[in-house]
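Good morning, and thank you for coming.

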Amino acid sequence: MHYDVVIIGAGMSGFAAGIRLAYFDKHVCIVEKHSAPGGLNSYYSLGGRHFDVGLHAVTNYASPEKRPAPLAKLLRQLRFQRDDFALCPQGYSEIRFPGRTLRFTNDIEVLTSEVAREFPGEEDKFRRLLAKIEAYDDTRLDQAYKPARPILRDALGEQGLIEMLLCPVMYYGSAQEHDMDFTQFVTIFKSLFFEGLARPRDGVRAIIRALIEKFCGCGGELKMNAGVEGIDVDNDRVTGLVLESGEQLTTDVVLSSAGYIETMRLCGGVGAAVPEDEPGRMSFVETIGVMDTLPQDLGHEATIVFFNDADTFAYSQPAELVDLRSGVVCCPSNYVSHEDMEEGILRLTWMANCEKWLGMDEVAYRAAKQGYLDEFVTRANVYVPGFCDRVVCTDMFTPRTIRDYTGHINGAVYGSPRKRRDGRTPIENLYICGTDQGFLGIIGAMLSGISIANLQVLSKD
Ligand SMILES: Cc1cc2nc3c(=O)[nH]c(=O)nc-3n(C[C@H](O)[C@H](O)[C@H](O)COP(=O)(O)OP(=O)(O)OC[C@H]3O[C@@H](n4cnc5c(N)ncnc54)[C@H](O)[C@@H]3O)c2cc1C
């Protein structure tokens, strides 16, 4: 079968690119190696309960009146209504460091007044930083790499404040250890603090269903259980793909959301001749506990808590299996309009050492998982006192799960530290979208798919 465009991956970026192309009458096919759609943001059932794989929050929420916001652009370009995703905003979230807490909501003024309270004397500098971030064009695809920490040190006087701001921003999107690209910092900062957090009432499956319906409804073809085994390249041009089943597809263009290095490896000999980037090393474990009551009934009202047990925030691959010194606690029932959920869920995310998790045999792996599940119950009880008496079921995923869901080397959640912002590869008609293009998160990944489809396919017609 011949297609105008084949897209590798039925994640958020693949669907968004596919919808955009199908709208413009492209004969487009998405090929996905798994049986479940959604990529990193999929869902599954266990013991009769539905779980989201990774969803803490849809960042980039923005109230309807904020027209230029990324969410509004996405809805317009994919022709969705706001109600299609049934997004409910957060109550409030917190960044907790020793002796200091910064609360934030979807109103940036709340964070600003918290900064003034915890760091007297910093308010004006913080406001100037906010103005700089707001004015910065992070959507330009040609922004050069600039480390964020020196820029933040120039802007702010208190190192403690810099560490507290970097903690949520790095957790929600830095592929790089220790520091991050300032453009990436701005994108995530805006998505968290200017636009804010929300959650679809019925979890991520609501978004995925809407994407599938729209894609298939406008003529797109979706092949599940259709892993790409190889990409055929002739004279620096892709001519087709071979699926694991042996089926061959020919195409004019390939958009891949499988990751840059991972995609180049699919090109076999050609990929081998191209210098490789360093794969990312940042991966996580996430533990999930279901309670027979809601966290707010046990006194825990925050939607998300980013915590760090020291004054300095260390964002790097830990030496041990898991770094317990910092993490993210998320209560999906603590969103506005979620209070009537029958059971409460608490998710706790920690940084993890991917090499150690991926190097274990099955017995050691099972034992390590059990050990950290026990640790989770103990620690969750600190955030939600009474948790250990009310927990009815737990689950956990590790870098191994992330690798199996995405194919990312090292189970690196945010892919490679070097991003390809224009999506180009050394192969003329092969482009990268999604995580390794550089726009992250659910909304970011969809915008990535839209941008690359617009820039590299539709604008060339
Ligand atoms: C634990 C966790 C929590 C997260 N929480 C949030 C959150 O709360 N909010 C948020 O906004 N973002 C969150 N994210 C990030 C978000 O999930 C990602 O940024 C986004 O989903 C990436 O989408 P994508 O389309 O770029 O890639 P992916 O979702 O990785 O999709 C790529 C797809 O390509 C497929 N694929 C790979 N190789 C092949 C092949 N050879 N053949 C065929 N198919 C292939 C994979 O199976 C996968 O389905 C979280 C991520 C994780 C891991």
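How far apart do the C-alpha centres of domain 1 and domain 3 lie? In this predicted model, the distance between those two centres is 29 Å. The contact between the two domains takes ten residues from domain 1 and eleven residues from domain 3.

Let me place these domains within the chain. The domain assignment gives three of them. Domain 1 is made of the segments 2-52, 203-278 and 417-460, domain 2 covers 108-190, and domain 3 covers 281-406.

Now to the protein as a whole. There are 15 helices and 18 strands. The C-alpha atoms fill a box of roughly 60 × 50 × 45 Å along the principal axes. For 461 residues, a compact globule would have a radius of gyration near 23 Å, and the 21 Å found here agrees with that. Buried residues make up 60% of the 461. Among contacts with a separation of 6 or more, 72% join residues 24 or more positions apart.

Of its 17 lining residues, the closest to the centre are His-50, Arg-199, Arg-205, Met-341 and Ile-345. Two elements, β4 (49-52) and β16 (344-353), each give two or more residues to this lining, and β4 gives the most, with four. By class, the lining has six nonpolar, two polar and nine charged residues.

Finally, the cavities. A search of the whole structure finds two of 30 Å³ or more. The largest cavity holds about 50 Å³ of space. Its lining includes Ile-261, Glu-262, Pro-279, Gly-280, His-408 and Asp-436, and the whole lining divides into four nonpolar, four polar and two charged residues.

The second largest cavity has a volume of about 30 Å³. It is lined by Leu-40, Val-53, Phe-397, Thr-401, Ile-402 and Tyr-405.

Thank you for your attention.

Terms used. Residues numbered from 1 in each chain as written. Predicted model: local features only at pLDDT ≥ 70, side-chain atom pairs only at ≥ 80, totals over all residues. Heavy atoms only, no water. 1 Å grid on protein atoms, 1.4 Å probe; cavity = no way out; pocket = protein on both sides within 12 Å on 5 of 7 lines; lining within 4 Å. Nonpolar A, V, L, I, M, F, W, Y, C, P; charged D, E, K, R; others polar. Rg over C-alpha atoms; globule rule 2.2 N^0.38 Å. Buried < 20%, exposed > 50% of the residue type's maximum accessible area, 1.4 Å probe, protein only. Contact = heavy atoms within 4.5 Å. Domains from an automatic or database assignment. Points joined across faces, edges and corners; volume = space filled by probe spheres on them.
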